[in-house]
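Good morning, everyone. Please bring the structure up on your screens, and I shall go through its packing, its sheets and the relation of its chains.

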Number of protein chains: 2
Amino acid sequence: MGEQSFEVKFEPSGRTVDVLAGTSLVEAAGRAGTAMDMPCGGTGTCGKCRVRVNDAPEAVDAEQRAFAAAEVAQGWRLACRQRVTRDMTVVVPESSVFGGRHQILTDHDTGAVHDLEPEVRQARVRMRRPTLEDGMPDLVRIEEALRASGAWNGDGVLKASPATLHRTVAALRDGGYEGWALLRDGAMLDYHPGETRTPSYALAFDIGTTTLAGVLLDLSDGTEKAVVSRINPQTAHGDDVISRISHAVQGERELRELRGAVTAAAGEMAAELCRSAGVAPGAVHTAAFSGNTTMEHLLCGIDPAPLSMVPFVPVFGRGLSVTAAELGLAIHPEARAYVFPVIGGFVGGDTVAGLLATALPERAGATLFVDVGTNGEIVLSHGGRLWAASTAAGPAFEGARISCGMRATAGAVEKVVIDERVRLGVIGGGAPAGLCGSGLIDLCGQLLKCGALGCDGRLPAPEALPENIPADMAARFQRDADGEVEFVLSDDGTRRVSLTQRDVRELQLAAGAIRAGIAILLRQAGLEIDQLGHVLVAGGFGSFIRRDNAQRIGLLPPELPHDRIVYIGNASLAGAKWGALSRRARARAEVIARLARHVELSNDPDFAMEFAMAMYFPG
Amino acid sequence: MGEQSFEVKFEPSGRTVDVLAGTSLVEAAGRAGTAMDMPCGGTGTCGKCRVRVNDAPEAVDAEQRAFAAAEVAQGWRLACRQRVTRDMTVVVPESSVFGGRHQILTDHDTGAVHDLEPEVRQARVRMRRPTLEDGMPDLVRIEEALRASGAWNGDGVLKASPATLHRTVAALRDGGYEGWALLRDGAMLDYHPGETRTPSYALAFDIGTTTLAGVLLDLSDGTEKAVVSRINPQTAHGDDVISRISHAVQGERELRELRGAVTAAAGEMAAELCRSAGVAPGAVHTAAFSGNTTMEHLLCGIDPAPLSMVPFVPVFGRGLSVTAAELGLAIHPEARAYVFPVIGGFVGGDTVAGLLATALPERAGATLFVDVGTNGEIVLSHGGRLWAASTAAGPAFEGARISCGMRATAGAVEKVVIDERVRLGVIGGGAPAGLCGSGLIDLCGQLLKCGALGCDGRLPAPEALPENIPADMAARFQRDADGEVEFVLSDDGTRRVSLTQRDVRELQLAAGAIRAGIAILLRQAGLEIDQLGHVLVAGGFGSFIRRDNAQRIGLLPPELPHDRIVYIGNASLAGAKWGALSRRARARAEVIARLARHVELSNDPDFAMEFAMAMYFPG
């Protein structure tokens, strides 16, 4: 089993992915963390998803129309039209990226450019040297010089911590009373002697229930200097937020333990990011963290007990500004970190960050934002209003509660294609070790497509299979030792990877919850499903879902044209990056969090019925 | 030798002092830290210095005029008219206090009442309980309730640290969503459940070069709950600020050592104050520190090197707000401390605090403020303007560089009266062990009065004494082993306490510097000495100086009527108390520091001449 896969390298990110032959470049780019801009929905008509492919194949008609002959000759192609048929290198220009780095600086829909506007900035200071007639204190001298040059016009007086003042004494004199002040609001954080600005960086973190991701950014131009990710060490205390909360509420020690696990990891990641980019940790001057409500509470060491009890009230709502040291970051001693605002107990800062990165409130037309992570968050934007809900999608998509479930790591079946035979895509290319979320969706979607699985989700018994299904497929319906039906993906004698009836039920529950949530939000907004413009699928996991299979199982609205579903990658991290780079972005995040109407699904009288109905796969 | 002394106990402070027979009650009160209000200058005409004396002697004429017969019968007397002739207890009503506790709340000269206006305040919070329809986060819920009741109307959003939020979770629920929020500006520092306010206290510290003094204050009414003082442990590294700076600039370790010594002491004093008053350290919510410029820099761990080099520039000028923990105080975890603003390299926050406590800028008429501590600071107030200078008075008044010099502790000769014989007041009443500042001033003043010492300060040889001096005195002029002249105060065979020629020179230098400084400030203000209304003598040491002797040696202007010199006690501590109790006081301290014109004496072309002239004792 298994099928030929190829390596695609994307520039300038430098990221490489292994994909099955025939995968579109748009999908491959999504897996590499780069969501393509594709307003036409991948129909080849808008020409937005321009990429340059090395040793490019013949251009198709849409490409001939989209590019000048010289461009075609240089290898310019449309990512939505190209499929992977060999190892390749693809250059993605910034203008082709959706929801990624470019999105941080440009709002596609409004056309407005969001300037870099970091929380910290540097201002040139040139002072007269003190004399016996002019014994002005150092800090006042700096303030007066800043006011005189117009570089700072604070209402009050310029403030500085004792530690900053201590560092300033020698720096001021070493630089002959000329240098640069590092400012944040009304405070000087540091003073550097000399002619040139000091390098200045920011960190952005996405604190996921399962995965932590961190990025180091250059504050001079917003570029990404290094990326790192790792498993959230809190997973030792359970896969989902409820198990984390259960542990944390046992006592102060347990809360400190969970907090310490994630702050230590963030600290190590920060150090690793700096090391790999050759950046001095002291040159990192600000940071931003996004995460779901529970993750943010634990990160800050705040008792999460209320999140586990009706009515699931968060302790804080608006974003927090805390010292970077409190969050484990050994960066500039005066650096602060912005923790994203939350919308509700289960719609957190990661969702707000995603909405920020996609500029969802400003989008023309009704747009749905779906983050299929360990929890499933759904936000509907329409006419400047936002409705937000969370579903108990649970960790099925992360492989939990699935008999052969596993995370999307080496050995996981992450893609399934069934035609005349059953073909599997295995991460790393070796023998299958288990089934991850996207593989589970693919498998059930393909079984539904072939008619081997009905709307009720019942696996047919080997002796009662529909007649027209292929032989390779039919042979895989077997009974286990207990006589239960299962669909066997692989069995090399030592390891058997299969799908059980219980697994299908878990998938029905998870997908049904999201589908029902979408239905409730649409109803609250007074919209029909076909009025939806786009569905933005966020989350590292989201990028790996095949749209058609996700629509077949009802995770994504089956009524929608295939091309209105857009993968936007890790939108939480993209928003966190924006939050790290711009105080205006932080202000918008606060507006988004306040604007969003938090819909408590379990409190909606229609939800139970919708959920029950959504348990059936779409007909 | 030695003379009869009595114990005087003052109420309500409860402080007790031992004084020589014949000491006025005003002076005794000053030594007990209570400066009497005495606008008439002690002439018995204003009736302001009312006190009630137990078992009071017959009332004198001035008292018969000042009080009704019934009051006289109850023991009401004027402190300026009464002399100590036995052990006594004296009740000092608040209205009779100058520059003390009362001064903190009332501005005598303007008549304005300075309300208590602490940096922190408590506001009642009554909230609706959250429901599934109303999932407002805890902090937002508190903010909305505060806004609804009008208890808080901040411009931005209510902020809270993660640690405060963590503590709030249980408190909010334990109190059934009713309680009290502890607020500072736009931040909630704490939340307490229940019906009643939580007790709230403040700490005030005077960080002297030689002595540390601390007070615990009740923020509900401004009353003093406990007082403590100790020697500044930094004295192990030298008596004056220059020796401290010399040590600190050797390296980071040495600076940390000096800082740690004083913050550790402050921490111990805070703990002691809380213990003796039965107050939980967590109930102390704010603090204020005053000290000279060097002491404040060291307290904050700021490199004091610029203070030891021309042009003696302080690193900070305006007051600092730092976390209480940074200054060694283990009080409320969110508490901050106010560090007083400074005027110049050698006119520090202690002087600003003193000017604040005496409301110097608002006083009618030209007033001189003199703080005779380890350094001598002089401030002249006239027509709403302030001129401030420091003199290198040096530590002579603290007993340093004096052959038999010692601090004003047990065994120190602190008072000398010479008439037919030489009478000594010894602290603790035992045998003389040395000579402290006030004893040195007394001794030289009395020698001048008797004609045994001339204007040039030369000690006469035993064989060339003026003829009319008493025999007991004449016998004390002796030659030491090296043949140098000395005046022997006591000699019990094992210990000899005497005054040498070199000691007189040190006193001439110290007093002359202050006298020359006063002359320069008067000249800059265009004033003659007789235009001075009052001279306020501050500093713990100042209270122990006999005015007449201080005028004889020229430390205080000899031209001024004796009664225009007012002792105001530890004005720095009084100002620090005010700073601890009121944000309005802090704002005024900032204005004072900015208003004061810092006069660099060594830069004044007339200073050298004035100083040379001032080396002569007044004729």
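In chain A, α10(A) and α16(A) form a right-handed crossing. A crossing is right-handed if the near helix is turned clockwise from the far one by less than a right angle, and left-handed if anticlockwise. Helix α10 of chain A covers residues 349-357, helix α16 of chain A covers residues 583-595, and the two pack at an angle of about 115 degrees with their axes 9 Å apart. Axes here are lines fitted to C-alpha atoms, for helices over the stretch in contact, and angles run from 0 to 180 degrees between N-to-C directions. Helices (H or I, at least four residues) and strands (E, at least two) are DSSP runs, numbered from the N terminus.

Before I go on, a word on the source: this is a predicted model, in which local features need pLDDT of at least 70, side-chain atom pairs count only at pLDDT 80 or more, and totals for chains, interfaces and linings use all residues. Residues are numbered from 1 along each chain as its sequence is written, while chains are lettered from A and ligands numbered from 1 in the order in which they are written.

Which residues make the contact between these helices? From α10(A) come Val352(A), Ala353(A), Leu355(A) and Leu356(A), and they meet Ala585(A), Arg588(A), Ala589(A), Ile592(A) and Ala593(A) of α16(A). Two residues are in contact if their C-beta atoms, placed from the backbone, lie within 7 Å. By class, the residues of this contact are 8 nonpolar, no polar and 1 charged. Ala, Val, Leu, Ile, Met, Phe, Trp, Tyr, Cys and Pro count as nonpolar, Asp, Glu, Lys and Arg as charged, and the others, Gly among them, as polar.

A further helix pair in chain A is α13 (residues 501-525) with α17 (residues 607-614), packed at about 135 degrees with axes 8 Å apart. That angle makes α13(A) oblique to α17(A); angles under 35 degrees count as roughly parallel, over 145 as roughly antiparallel, 65 to 115 as roughly perpendicular and the rest as oblique. The crossing of α13(A) past α17(A) is right-handed. On the α13(A) side the contact includes Gly512(A), Arg515(A) and Ile520(A), and on the α17(A) side it includes Phe607(A), Glu610(A) and Phe611(A). The contact residues of this pair comprise 7 nonpolar, 1 polar and 2 charged.

Let us turn to the sheets of chain B. One open sheet has 3 strands in the order β6-β7-β8 with antiparallel pairing; two strands pair if DSSP finds at least two bridges between them. Its edge strands, each pairing on one side only, are β6 (121-126) and β8 (187-193) of chain B. Neighbouring strands are turned against each other by 30 degrees on average, direction ignored. Between β6(B) and β7(B), which spans residues 178-184, there are 6 bridges, and Ala123(B) has Ala181(B) in β7(B) as its bridge partner. Helix α5(B) packs on this sheet, where it touches β6, β7 and β8 of chain B, and its direction makes about 100 degrees with that of β6(B). Helix α6(B) lies across β7 and β8 of chain B, at about 30 degrees to β8(B).

Another open sheet of chain B has 3 strands, ordered β21-β22-β23 and paired in the antiparallel sense. Here β21 (477-479) and β23 (496-500) of chain B are the edge strands, and the twist from one strand to the next averages 50 degrees. Phe477(B) has Phe487(B) in β22(B) as its bridge partner. Helix α13 of chain B packs on this sheet, touching β22 and β23 of chain B.

Finally, the two chains together. How many residues of chain B are in contact with chain A? The count is 40, facing 40 residues of chain A. On the chain B side, α5 (138-149), α6 (162-174) and β13 (320-323) each supply at least two residues, and α6(B) gives the most, with 7. This side has 24 nonpolar, 10 polar and 6 charged residues.
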